[in-house]
Amino acid sequence: MKKYFKVFPILMLSVVLVLSACGNSSGEANYPDENVELIAPATPGGGWDATARALQNVLDEEGFVEQNINVENQPGGGGEVGWQYLSDQNSHSLSVNSSLILTNNLLGQSDLTYEDFTPIATLATEWISTAVPSDSDIEDGIDMLDRLKEDPKSLTIAVGPALGNNDHLSFVRVADEYGVDVSELEFMIYESGGDVLTALMGGHADVATMSISESLEQHQSGDIEILATTADEPIEGAEDIPTWQELGVDFTFPHWRGIMGPPDMTEEEVAYWDETFSQMVETEAWQTVLENNGWQDYYMNSEESREFLEEQNQMYEDLVETAGLTD
Amino acid sequence: MGVDWNSFFEGFMTALSFQNLLFIFLGGLLGTIVGMLPGLGPATAVAVLIPITFGMDSTSALILLGAIYYGAMYGGSRSSILLNTPGDGSAIAATFDGYPMTRKGQAGQALTLATLASLIGGTVAIAGFVFLANPLASFALQFGPAEYFFLLIFTLSAVVSLSKGNMIKGFVSMLLGLIVTTIGVDSQSGVYRFTFGNPHLSEGIDFLVVIIGVYAVGEVLYNILVIKDENQQMKEDVGNSWITKEQWSRSFWPMIRQAPIGFLVGILPGAGGSIASMISYTTEQQVSKKGEEFGKGAPEGLASPESSNNAASVGAFIPLLTMGIPGSGTTAVILGALIMLGLQPGPMLFQNQPEVAWTFINSLFIGNIVLVIINILLIGLLVRILKTPPQILYPIILVLAFIGTYTLGYSIIDFFILMIFGVIGLLMKILNIPVAPLILAVIIGNMMEQNFRMAFVSHDGFLQMLTASPISILFAVLTVASVFLPALFSRLSKGRTES
């Protein structure tokens, strides 16, 4: 009997060692060693919630993370409530983010910005479309810009759900590049993307700016007509739609989604997620998620994401000023 | 799309498969239960239960989500009738006559009647869906900001006019509601109004918190503080569960004629069950020969809004399935879930996957019948709630109210808002101020404001907005009529009795 008591601690130790080696392939610290919390700073059913739940599914089913992954909904204030919450958590909490993490701050609605968090990855993007009703007499994207250049108030532009979002700012960007007086543009703000689409199909707005995933099918069925997209190359399955670049307005505008963690994560922890996400984006399961949601792969690791955020922040800062949203 | 009878029958058979029947039953039962709880209406019911559909075949998932939605619509009126605590905006109108029926000792009959009304409303609307989906979808597109504004203001004025004899109190209630909706970020200008630097308030106060506060918490406080005599609180007698011939014949035509109204309102993106049931209740009261019995337990006063809001919930699927536009909060949640499952509801659905669309439509029909059975069977169980001693029942309602509130925003701040509105509800009951105008104003206030501003900009002025289309004029006339006609009628009839 005594013998066993002596052996027991050694056995235990080796079990722990083996387990920790399994838990973390990089062999560094034992991270993550508790349940991982994925914060969706929105109510169930929205885009951020969809992203978080998709990540939970793929990471879990493909066996990337040994620990349980839970999705935590923290809605409110365009992400503000969820990100406030994240800033007080330990490194086992991550949150979905998008350009709102930049614009909330630039528009003076939040004290938090990207620098208050640890960038983990940029995962996917949507591109943004400019569309008109199918019976519109606007011929193409350039025709629309010409009219706005002549009289910025000549067309009503539907957007939702708030000024300062991607759909709005991408339109400001293209109009600004073309030399339109963007501070005079007449935007109609609808409660959701669905309402924008209804308004456009009913002819209650002259132009609408919204995600391609919200407009593509209606374009294909002939209910509306997409004039151009902010993409860097033609959209798969809809090669007839030109990009703004092809029309001669030189810019692209992604509506990206990514992941970030609380401040002060260690290098090892960030490295763990870099390895995990770089493998995850290669999986079939993730490709299906992208396809179902109409997203494009936009993977950047933590370091690239940090640079990307800086660059985006600069662009949004200029844009918010041009749009006359800071006063 | 025309009716493609082949796909229709194929869909019918698919919906009848054992697996799908099981989902209809499960979804209906879950929805009914969740819908009964205060604050957990259809949108929350669907959102909370979405994870069940992960990994399911997309048709079955659609059927399950539809059944949950439907079940919640049936369940919503249960607590309105029994406890005067609606679970959702669309169940508010059921309190007007449903609860008085309970107080008269007709709880069982009220529940049966509401269930049958839901069945009739749902069935009429499904028939409308099958034959008229496409023309109606384009009808809905006629509604621009001006038309919406006048529709909404008509709904408000119709509900205010319900407070007959004391319209001032109705107006006070409505104004209070409109003031509440000014809290939060203003979507047109991005200005933060009355948020006091609290990010949680930036999205405004959720109307469901107001409903739970004013009704559930207010009702409990009122019963505890004001009604001292415990015997007076609840009728022991819950009556028959089967309705009388008189109740049926009084309710039959109202149910039939309010279904199309609810259906049409449901098709309009953003309008939905709350507006449909309010409009149906008020129009029914105007046309009824026994209008003066409304609010005192008139069976048709319960049957018409219940028929209407179920018809509206079917109508809400039309923009979703024909155009890919969610017509209500619940269908928006369903749309999100379907996209995750790789199904794109939209203009191409009936062309590319007709079997999915038709299976779903048939599942709605079958679901209606299944739900009637579920709900009739549950009546015996539900009326026992009334026999629960108040010292047990009220704490349970309060706990449910807090749970329901938490699921809305996952925030403690909502608890304070809940209590504030509980006290407001209590005061309003004591002062005999109607609460429906307040609730309706909170539900539609922001939408009304934003549509007014957009209409004002795109039509360059109020007169142009009014004359924008026949629809605007129609609703403007109805608005004026709803305020002045009841007063005029009562004066006329008074004059007649005096002379």
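Student: Is B:Ile374 buried or exposed?

Tutor: A residue is buried if 20 or more other C-beta atoms lie within 10 Å of its own, exposed if 12 or fewer, and partly exposed in between, with C-beta atoms placed from the backbone. B:Ile374 is buried, because 20 other C-beta atoms lie within 10 Å. This is a predicted model, in which local features need pLDDT of at least 70 and side-chain atom pairs count only at pLDDT 80 or more, while totals for chains, interfaces and linings use all residues. Residues are numbered from 1 along each chain as its sequence is written, and chains are lettered from A and ligands numbered from 1 in the order in which they are written.

Student: Where does B:Ile374 lie, and which residues is B:Ile374 in contact with, leaving aside its neighbours within four places in sequence?

Tutor: Helices (H or I, at least four residues) and strands (E, at least two) are DSSP runs, numbered from the N terminus. B:Ile374 lies in helix H17 (residues 354–382) of chain B. Two residues are in contact if their C-beta atoms, placed from the backbone, lie within 7 Å. With neighbours within four places in sequence set aside, the contacts of B:Ile374 are B:Gly28, B:Leu29 and B:Thr32. The C-alpha atoms of B:Ile374 and B:Ile261 are separated by 26 Å, and these two residues are 113 apart along the chain.

Student: At what angle do helices H11 and H13 of chain B pack?

Tutor: Two packed helices are described by the angle between their axes and the distance between the axes. Axes are lines fitted to C-alpha atoms, for helices over the stretch in contact, and angles run from 0 to 180 degrees between N-to-C directions. Helix H11 (residues 245–267) and helix H13 (residues 299–315) of chain B pack at about 30°, with their axes 6 Å apart. Angles under 35 degrees count as roughly parallel, over 145 as roughly antiparallel, 65 to 115 as roughly perpendicular and the rest as oblique. H11(B) and H13(B) are therefore roughly parallel to each other.

Student: What is the hand of the crossing of H11(B) and H13(B), and how many residues of each class has their contact?

Tutor: A crossing is left-handed if the near helix is turned anticlockwise from the far one by less than a right angle, and right-handed if clockwise. The crossing of H11(B) and H13(B) is right-handed. Their contact has 13 nonpolar, eleven polar and two charged residues. Here Ala, Val, Leu, Ile, Met, Phe, Trp, Tyr, Cys and Pro count as nonpolar, Asp, Glu, Lys and Arg as charged, and the others, Gly among them, as polar.

Student: How are H9(B) and H20(B) oriented to each other?

Tutor: Helix H9 (residues 207–225) and helix H20 (residues 413–430) of chain B pack at about 55°, and their axes are 7 Å apart. They are therefore oblique to each other. H9(B) passes H20(B) in a right-handed crossing. Among the residues that meet are B:Val210, B:Gly213 and B:Val217 in H9(B), and B:Ile417, B:Phe421 and B:Ile424 in H20(B). The contact divides into 15 nonpolar, four polar and two charged residues.

Student: Which strands pair with S9 of chain A?

Tutor: Two strands pair if DSSP finds at least two bridges between them. Strand S3 (residues 93–98) of chain A pairs with S9(A) in the antiparallel sense over four bridges; A:Ser98 stands opposite A:Arg257. Strand S4 (residues 118–133) of chain A runs antiparallel to S9(A) and is joined to it by eight bridges; A:Glu126 stands opposite A:His255.

Student: How many residues of S9(A) are buried?

Tutor: In S9(A), residues 254–261, eight of the eight residues are buried. Both faces are covered, with A:Trp256 and A:Met260 among the buried residues on one side and A:His255 and A:Ile259 among those on the other.

Student: How many residues does each chain bring to the contact between chain A and chain B?

Tutor: Chain A brings 41 residues and chain B 38. On the side of chain A that touches chain B, helix H7 (193–201) is one of the elements that supply at least two residues. H7(A) gives the most, with six residues. That side of chain A has 15 nonpolar, 21 polar and five charged residues.

Student: Where is the peptide bond cis?

Tutor: The bond from A:Tyr31 to A:Pro32 is cis, with omega near -10°, and A:Pro32 lies in the loop between helix H1 (2–23) and strand S1 (36–40) of chain A. Another cis bond joins A:Gly160 and A:Pro161, with omega about -5°.
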